[in-house]
Amino acid sequence: KLLREGKIKPFLTRTGDYYIPLSARTVTANQYQADLFISIHINASKKRDSHGSETYFCSEKASSAEAEKVAALENSVLKFDEPFKKKPGHIDIEEILFKFEQKLYWSESGKFAKAFQERFKHHLPLKSRGVHSANFYVLRKTKMPSILLETGFISNPNEESMLRNPDFRSQIVDSIVRGLA
């Protein structure tokens with residue numbers, strides 16, 4: 001409904017199943033000057049009985065050992081990114097100013113994550129695993145409030161089956177839109 005009424009104007013950092021460097025995802029969001037960045041993921045765990053959805057926001061210190069492991073796994077793809085090489089002696093004034101703004105974005109992200117997960121969990125038939133924080137690269141570099149959403153566990157046979165169903169994936173999208181309301 002929010003999409004149809006034009007109250008939300010979404011854009012995607014990718015439109016298919018291919019890799020986009022984490023840095024390019026945040027650059028895109030920053031270039032569009034988005035009001036909000038949502039990184040949508042499907043979780044995985046060595047424990048095949050892990051299940052549910054959860055919302056993360058960025059912080060320097062993870063809220064738990066498990067949140068730290070999730071961030072480490074998500075950040076591990078940085079090895080595929082092309083590093084940006086600064087010229088020797090280069091001082092990035094924008095980066096210095098961004099460090100001051102970052103704490104504000106993270107605070108706003110935490111407030112939004114809690115409100116979002118509270119609404120989101122009522123529309124998706126998955127256990128709510130709550131809200132957590134960790135130092136996710138993709139959230140750390142955005143210049144707006146941002147969250148990372150885990151929408152079930154592909155490592156859980158029951159949830160994997162649900163995730164294969166196009167109707168369930170549509171329900172995830174609808175739940176995200178309702179979470180934004």
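Guide: Gladly! Let's begin with a cut-off: a residue counts as buried when its relative accessible area is under 20%, and as exposed when that area is over 50%. Keep in mind that the model is predicted.

Visitor: Is S53 buried or exposed?
Guide: S53 lies in strand β2, which covers residues 53-58. Its relative accessible area is 2%. Buried means under 20%, so S53 is buried.

Visitor: Which residue's side chain does the side chain of S53 join in a polar contact?
Guide: Beyond its neighbours within four places in sequence, S53 is in contact with residues including F120, R129, E150 and Q117. The polar contact between side chains spans 3.4 Å, and the partner of S53 is Q117.

Visitor: How many aromatic pairs are there, and what is the angle between the planes of F11 and Y32?
Guide: Searching the whole structure gives four aromatic pairs. One of them is F11 with Y32, stacked at 4.0 Å centre to centre, and the angle between the planes is 20°. This pair links distant parts of the chain, with F11 in the segment before α1 and Y32 in helix α1. So the answers are four pairs and 20°.

Visitor: Why are F112 and F116 separated by about one helical turn?
Guide: Their rings form a tilted pair, 5.7 Å centre to centre with 40° between the planes. F116 is buried, at a relative accessible area of 0%, and F112 is buried at 18%. The separation is about one helical turn because, within helix α3, F112 and F116 are four residues apart.

Technical notes: Residues numbered from 1 in each chain as written. Predicted model: local features only at pLDDT ≥ 70, side-chain atom pairs only at ≥ 80, totals over all residues. Heavy atoms only, no water. Helix = DSSP H or I, 4+ residues; strand = E, 2+ residues; numbered from the N terminus. Buried < 20%, exposed > 50% of the residue type's maximum accessible area, 1.4 Å probe, protein only. Polar contact = N/O pair within 3.5 Å; in protein donor to acceptor, adjacent residues only side chain to side chain. Contact = heavy atoms within 4.5 Å. Phe/Tyr/Trp six-rings, centres within 6.5 Å; stacked < 30°, edge-to-face > 60°.
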